[in-house]
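Trainee: I have not looked at this one before. Please show me how to read its features one by one.

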Amino acid sequence: MKNISRIAAAAVLFLSVIFMPWWFSFILAIAGILYFRNFYEALLAAFFMDAFYAVPEWKFGGITLVSFFAVLAVFISARYLKNNIFRPKAPYYHEKSAI
């Protein structure tokens with residue numbers, strides 16, 4: 001069931017890249033990153049957003065992949081937070097035998 005919801009979320013995200021404003025797609029990508037594990041579709045959608053609609057900006061050094069790098073930063077940050085803070089590994093306790 002989780003795979004079907006992931007496929008549906010990816011389809012909605014890619015349709016929003018084509019038909020919705022950039023900020024709506026950006027919010028959907030961040031929501032997908034936070035909800036699903038390793039939501040690489042958000043990186044691909046951000047790349048498509050930049051490939052379709054981006055214009056080189058002098059304030060960003062002339063790069064056009066601004067949305068991609070922003071989503072990549074959110075992706076890496078969310079992955080770190082999920083693995084280390086929200087799902088911490090259980091400490092290893094070595095119980096001594098009572099004998």
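Mentor: Start with a pair of helices: the axes of H1 and H2 lie 9 Å apart, and the two pack at an angle of about 160°. The model is predicted, with local features needing pLDDT of at least 70 and side-chain atom pairs counting only at pLDDT 80 or more, while totals for chains, interfaces and linings use all residues. Residues are numbered from 1 along each chain as its sequence is written, and side-chain values use heavy atoms, leaving out hydrogens and water.

Trainee: What are the helices and angles here based on?

Mentor: Helices (H or I, at least four residues) and strands (E, at least two) are DSSP runs, numbered from the N terminus. An axis is a line fitted to C-alpha atoms, for helices over the stretch in contact, and an angle between N-to-C directions runs from 0 to 180 degrees. Under 35 degrees counts as roughly parallel, over 145 as roughly antiparallel, 65 to 115 as roughly perpendicular, and the rest as oblique. H1 and H2 are therefore roughly antiparallel.

Trainee: How do H1 and H3 run relative to each other, parallel or antiparallel?

Mentor: Their axes come within 10 Å and cross at roughly 10°, so H1 and H3 are roughly parallel. For handedness, a crossing is left-handed if the near helix is turned anticlockwise from the far one by less than a right angle, and right-handed if clockwise. H1 passes H2 in a left-handed crossing, but H1 passes H3 in a right-handed one.

Trainee: How many helices and strands does the protein chain have?

Mentor: There are four helices and zero strands, and the order from the N terminus is α-α-α-α.

Trainee: Which residues are buried and which exposed?

Mentor: Buried means under 20% relative accessible area, exposed over 50%, and partly exposed in between (1.4 Å probe, protein chains only). Of the 99 residues in the protein chain, 23% are buried. Phe 75, in helix H4, is buried because its relative accessibility is 8%. Ile 7, in helix H1, is exposed, with a relative accessible area of 61%. Between the C-alpha atoms of Ile 7 and Glu 41 there are 9.5 Å, with 34 residues separating them in sequence.

Trainee: What lines the largest pocket?

Mentor: Rolling a probe the size of a water molecule over the atoms shows where empty space is left. On a 1 Å grid over the protein atoms alone, using a 1.4 Å probe, a pocket is an open set of points with protein on both sides within 12 Å along at least five of seven lines; lining residues have an atom within 4 Å of a point. The largest pocket is lined by 18 residues, and Trp 22, Asp 50, Tyr 53, Ala 54 and Ser 67 lie nearest its centre. Helices H1 (2-19), H2 (22-35), H3 (41-53) and H4 (66-86) each give two or more residues to this lining.
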